[in-house]
Amino acid sequence: MSEIPSPIGEIAAYHCHIYFQPETRHIAVRLNEELQDRFKIWDYRWLDETNGLHPTAMFRFAFPKDDFQAFVEWILREREGLSVLVHAITGDDYVDHSYLTLWLGKQLELGLDRMKAVRDARLAAGEALDSRVLVTATAIEEAGKVRYQPGDDPYRGVIGASQPLGWGERTA
């Protein structure tokens with residue numbers, strides 16, 4: 001992102017994306033377990049494949065603003081070479097993923113073109129930005145209520161091998 005966005009909205013929480021390859025998946029599994037022992041997380045998703053935005057397998061979760069310093073200090077020490085993206089959640093998904101970012105390790109090329117096009121079209125039409133990430137990020141009361149496992153994807157209605165969620169009609 002070459003231009004500085006204005007205004008930047010209030011930060012509601014943070015998202016973290018931890019990227020891995022098949023040969024480093026075991027590190028991601030370990031981090032998944034250890035971070036839940038230390039931090040209350042929510043808005044979780046584990047993807048063993050790429051998608052349009054993320055160029056490699058990853059898992060992601062939200063965490064509270066109050067945990068930012070402790071989380072960054074912990075993940076700096078524990079990531080074992082994995083690329084990690086920490087970004088603010090303000091309601092502008094494009095700005096959050098392109099400008100309000102902190103990369104640890106190798107910065108990966110995100111597929112932001114579609115996200116930017118949707119944002120630009122909404123702004124040009126005078127519409128409000130509609131961020132599912134912001135909606136879920138403000139659900140901080142959900143933090144720490146579920147122990148997430150590799151493969152869990154609440155957006156597809158799956159937590160655990162046999163625990164579909166009632167709100168599984170959500171997709172992302």
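**View 1. F71 and W74 sit about one helical turn apart in helix α2, because they are three residues apart.** In this predicted model, the rings of F71 and W74 form a tilted aromatic pair, with 6.0 Å between the centres and 45° between the planes. Is F71 buried or exposed? F71 is buried, with a relative accessible area of 1%. W74 is buried as well, and its relative accessible area is 1%.

**View 2. F63 and F71 form an aromatic pair.** A pair of aromatic rings is described by the distance of the centres and the angle of the planes. F63 has 1% relative accessibility; residues under 20% count as buried, so F63 is buried. The structure holds 14 aromatic pairs. One aromatic cluster includes F63, F71 and W74, and among its other members are Y14, F39, W46 and Y148.

**View 3. Five strands form an open sheet with antiparallel pairing.** The strand order is β2-β3-β1-β4-β5. Which strands stand at the edges? They are β2 (42-47) and β5 (101-104); each has a single partner strand, so one side of each is left without a neighbour in the sheet. On average, neighbouring strands of this sheet are turned by 15° against each other, direction ignored. Helix α2 (residues 68-78) lies across β1, β3, β4 and β5, and runs at about 25° to β5.

View 4. Strands of a sheet pair through backbone hydrogen bonds, either parallel or antiparallel. Six bridges join β1 (residues 13-19) to β4 (residues 84-89), and these two strands run antiparallel. One of the residues to look for is C16, whose bridge partner in β4 is V86. Six bridges also join β1 to β3, again antiparallel. There, I18 has F59 of β3 as its bridge partner.

**View 5. Strand β3 is largely enclosed by the rest of the structure, because six of its six residues are buried.** In a regular strand the side chains alternate between the two faces of the sheet. M58, R60 and A62 point one way from β3, while F59, F61 and F63 point the other way. Four bridges join β3 to β2, and the two strands run antiparallel. Opposite A62 of β3 stands W42.

Key. Residues numbered from 1 in each chain as written. Predicted model: local features only at pLDDT ≥ 70, side-chain atom pairs only at ≥ 80, totals over all residues. Heavy atoms only, no water. Pairing = 2+ DSSP bridges. Axes fitted to C-alpha atoms, helices over the stretch in contact; angles between N-to-C directions. Contact = heavy atoms within 4.5 Å. Buried < 20%, exposed > 50% of the residue type's maximum accessible area, 1.4 Å probe, protein only. Phe/Tyr/Trp six-rings, centres within 6.5 Å; stacked < 30°, edge-to-face > 60°.
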